[in-house]
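The stops below go from the whole chain to single residues.

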Amino acid sequence: MTITNEIREQVRQRANFACEFCGVTETDAGSELTIDHFQPITKGGGDGLENLLYCCHRCNQYKLDYWPTHPSEPSLWNPRREPAAQHFLELDNGTLHPLTDTGAFTLKRLRLNRPPLVAYRIRKRQQAEEIRLLTRYREMVQLLEQLNTQLFILTEEQRQLLEEQRELLRLLLNAQE
Ligand SMILES: [Zn+2]
């Protein structure tokens, strides 16, 4: 391994501190993740940044040094080249559904529907929903505050109009006497 600390840091930051295969973050994992050679060194891969991925321990363990040596062998999804949405569809129940052969193979090889990951995706969805609801709630509170302010102004205007009306009435009655 000739990966310097600087390169390691670059890979971490570029991946936003999350596994590029499954999305689990350092915070979720409770530790830093691993650096993976997409094309393994043993299969001709290099140490260049384009061949390095930030990868959780579990994905790395399942991926190992897989590399197709024959065109008939399936290839793994490269998260640095193609977005996940190209190969997978996340269902409401938190599982990934493969959209391509590469997606199907990667899903199987890296066990991307392993139960803790499915639970993790469900939790992420719930968190996103909670944030959405909270944002909506704040918007409504703000709107109510605005309405209250407007109501206060209108009430004040109504009070002034009533006073003017009473004054006019008084003048009118005085003029008739
Ligand atoms: Zn992972």
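Setting aside neighbours within four places in sequence, Cys 59 is in contact with Cys 19, Phe 21, Cys 22 and Leu 110; two residues are in contact if their C-beta atoms, placed from the backbone, lie within 7 Å.

**Before going on**

Residues are numbered from 1 along each chain, as its sequence is written. This is a predicted model, in which local features need pLDDT of at least 70, side-chain atom pairs count only at pLDDT 80 or more, and totals for chains, interfaces and linings use all residues. The term pLDDT stands for the predictor's confidence in each residue, from 0 to 100. Colour the protein chain by this score: its average is 95, and 99% of the residues score at least 70.

**The whole chain**

Show the cartoon. The protein chain has five helices and four strands; helices (H or I, at least four residues) and strands (E, at least two) are DSSP runs, numbered from the N terminus. Followed from the N terminus, the order is α-α-β-β-α-β-β-α-α.

Now zoom out. Along the principal axes, the C-alpha atoms of the protein chain fill a box of roughly 110 × 35 × 30 Å. The radius of gyration of the protein chain is 31 Å, whereas a compact globule of 177 residues would have one near 16 Å. This radius is taken over C-alpha atoms, and the globule rule is 2.2 Å times the number of residues to the power 0.38.

How many of the 177 residues count as buried? The share is 16%. A residue is buried if 20 or more other C-beta atoms lie within 10 Å of its own, exposed if 12 or fewer, and partly exposed in between, with C-beta atoms placed from the backbone. Among contacts between residues at least 6 apart in sequence, 55% join residues at least 24 apart.

**Select 115–176: helix H5**

Helix H5 covers residues 115–176, 62 residues in total. From first C-alpha to last it reaches 90 Å, close to the 92 Å expected at 1.5 Å a residue; the expected span is 1.5 Å times one less than the number of residues. Why does H5 lie largely in the open? The number of buried residues among its 62 is two, so H5 lies largely in the open.

Pick Glu 130, which is in helix H5. Glu 130 counts as exposed because it has 10 C-beta neighbours inside 10 Å. Draw a distance from Glu 130 to Gln 176: the two are 46 residues apart in sequence and 68 Å apart in space, C-alpha to C-alpha.

Next pick Leu 133, also placed in helix H5. Leu 133 has 10 C-beta neighbours inside 10 Å and so counts as exposed. From Leu 133 to Leu 117 there are 16 places in sequence and 24 Å in space, C-alpha to C-alpha.

**Select 34–37 and 52–55: a strand pair**

Strand E1 (residues 34–37) pairs with E2 in the antiparallel sense over four bridges; strands pair if DSSP finds at least two bridges between them. Look for His 37, which stands opposite Leu 52 in E2. E2 is covered on both faces, with Leu 52 and Tyr 54 buried on one side and Leu 53 and Cys 55 buried on the other.

**Back to the core**

The largest nonpolar core has 17 residues, and those touching the most other members are Cys 19, Phe 21, Cys 22, Tyr 54, Cys 55, Cys 56 and Cys 59. Strand E2 (residues 52–55) gives the largest share of this core, four residues. Such a core is a set of buried Ala, Val, Leu, Ile, Met, Phe, Trp, Tyr and Cys residues joined through C-beta atoms within 7 Å.

Select Arg 8 in helix H1. Arg 8 counts as partly exposed because it has 16 C-beta neighbours inside 10 Å. Not counting residues up to four places away in sequence, Arg 8 touches Ile 3 and Ile 35.

Then move to Asn 16, in the loop between helix H1 (5–14) and H2. Asn 16 is not a glycine, yet it has a positive phi of about 60 degrees. With 11 C-beta neighbours inside 10 Å, Asn 16 counts as exposed. Phe 17 is found in the loop between H1 and H2, and its phi is near 60 degrees, a positive value in a residue other than glycine. Phe 17 has 15 C-beta neighbours inside 10 Å, so it counts as partly exposed.
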